[in-house]
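Where do nonpolar side chains gather in this protein, and which charged side chains pair with one another? The report below takes up these points in turn.

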Amino acid sequence: MLQQTFVHIPGIGKRTEAELWEHGIHSWDDADLFEKRFGCVGARLQQKLDDYIPRSREAVRRKDAAFFERLSALGEAWRLFPEFADNCVYLDIETTGLSSVFDMVTMVGLYDGRKYKVFVEGDNLQELPAYLRNYALVVTFNGAGFDLRFLRLAFPELVLPPIHIDLRWATRKLGMKGGLKSVETKLGLKRDASVEDITGYDATVLWAKHLRGEKSSLEQLIRYNTEDVVHLKAIMEMVYDRLCKRTASFLKNSIAPVFTGVARSPRSNRRKVLSHTPRQSDSIGLVSRLLKQCIGLPKPPRIVGIDLTGSEKRATGWALMEGSSVTTKCVRTDAELIGETLAAKPDLVSIDSPLSLPAGYGAANVPIYRKCELGLKRMGISVFWCLLPSMQMLTRRGIKLTYELRKAGSKVIESYPGAAQDILGIPRKKASLQELKWGLSRAGITGDFLTADITHDEVDAITSALVGLFYLADDYIALGTPEEAYLIVPRSARFNYAKLAQIISATGLDQVSESSGPNVESLAHAQPVSVGAS
């Protein structure tokens, strides 16, 4: 298809290209013929063709994909295939999550059509940038929005191949929507039975298991990644064949198909990678470090974590963390919650529930979310707006409970276990409750929660208590404003603070300082309020 392409030439658009095709100028060779051009090509266009076609042939001969960079801007980079197939690499990454602020690349798989090479965090990931310089073209699925974006954050000086074909958008041209697996199904591609049911969420759990020494998990994650990149090649070939015939109808019966079948499992460096010892999780020894930072407090500090539910009909998870040791229980009524919490005589109460309302609540056109929630969304953290119909009972209950506890002399902060787990690189309960328990254990929390049959609400209550420890250790970030109060999240060495600052500024949150946060117990909404649709 590249030999039939003219839109890479500056000043020639798709309309002019179509007109050339209509007049029988179907290729660069046709454009060289006087009898083909006579009467249909003006002097200015003829000059462009005479100038660029020889240079185009030379670029193909030298494998200079950058010469055709204009095709990328036009969404037509797929036309470079297969002329550059021998200098093309298929790329797919695995990460700890979706946030560009704190999630990290754990694995990158590259497949050049013959050999698969995997780069793993803690082993050989730093070799990736040099390896990518060997290619002229990179093929991904949603790479523009995910893979390449993460790689640029991980490697600020990264030089990528000059041409990127994003199959998410190439398949859209054929009417295919959805993720990679959806496209595979539509094209009749099937994965190996050992990995066919693994999702992106599962991949983060496999990485967590790898960090605690389960070698088979890394092996399965590599197999999953291998299937991704091998199928990228198959999709690229099938899409190329179909787009050629759709774009230039005169090619329907004159071009041989590129796709001949899915490649077999390729050779790889998998054994070498698997022979290495896994890097230890960043959370190892976390609790002991935080406890040492708690200056001027009783030793050990006592923190109550509460994973509040919206109604007394459903049990609330309650946890008491004393030093590194934690005990949990389920509590139903507000009276029981207040009684248990005050009896524990905590230095801090950390509640998983919205504890304030959007600024200007009650006025017209006030959103159903607070700025801290919008900030979390922009950070890539899944969160529910505090005034969604399904959240209003929880918000009302959280504000009321906070008022009663503060009135009794308790210090209360708002936490969100899901955000804390994401930031700390611990799988959420929906991904794997057992791996969430293991993650808290690796952080240094002790107790029988790891083996006991406790509810997921109790495990989230433990996480809320851990956020409280971050707060007492002055190792936290307060997301909010004086008008809306603050949501506490842990600080992390994994933060991209430049990206975080951009989000905070765009959202209108208080700027993050290097020292302790603002007064998170501001009296915004200190009195119980009536929460309803606004």
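## Basis of the model

This is a predicted model, in which local features need pLDDT of at least 70 and side-chain atom pairs count only at pLDDT 80 or more, while totals for chains, interfaces and linings use all residues. Residues are numbered from 1 along each chain as its sequence is written, and side-chain values use heavy atoms, with hydrogens and water left out.

## Nonpolar cores

In soluble globular proteins, nonpolar side chains tend to be buried together. A nonpolar core is here a set of buried Ala, Val, Leu, Ile, Met, Phe, Trp, Tyr and Cys residues joined through side-chain atoms within 4.5 Å, where buried means under 20% relative accessible area, exposed over 50% and partly exposed in between (1.4 Å probe, protein chains only).

The largest nonpolar core has 72 residues, of which Phe-6, Leu-49, Phe-68, Tyr-90, Leu-167 and Met-236 touch the most other members. Helix 11 (residues 215-247) gives this core its largest share, 15 residues; helices (H or I, at least four residues) and strands (E, at least two) are DSSP runs numbered from the N terminus. A second, separate core of 34 residues has Ile-303, Ile-413, Leu-440 and Ala-478 among its members.

## Salt bridges

The whole structure holds 28 salt bridges, each being a side-chain nitrogen of Lys or Arg within 4 Å of a carboxyl oxygen of Asp or Glu. One of them joins Arg-55 to Asp-51 at 3.5 Å, N to O; these residues are four apart in helix 4 (residues 43-61), and therefore separated by about one helical turn. Arg-55 is partly exposed at 38% relative accessible area, and Asp-51 is likewise partly exposed, at 37%.

Asp-457 and Arg-314 form another salt bridge, with their closest N and O atoms 3.1 Å apart. Because Asp-457 lies in helix 19 (residues 456-472) and Arg-314 in the loop between strand 7 (302-307) and strand 8 (316-322), the pair ties together parts that are 143 residues apart in sequence. Asp-457 is buried, with a relative accessible area of 8%, whereas Arg-314 is partly exposed at 46%. Elsewhere, salt bridges that share partners link Lys-14, Glu-17, Glu-76, Arg-79 and Lys-173 in one network.

## A buried aspartate without a salt bridge

Asp-166, in strand 5 (residues 163-166), is buried yet has no salt bridge, and the nearest side chain of opposite charge, Arg-168, is 6.4 Å away (Lys and Arg count as positive, Asp and Glu as negative; His and the chain ends are not counted). Leaving aside residues up to four places away in sequence, Asp-166 touches Thr-140, Phe-141, Asn-142, Gly-143 and Ala-144, contact meaning heavy atoms within 4.5 Å.
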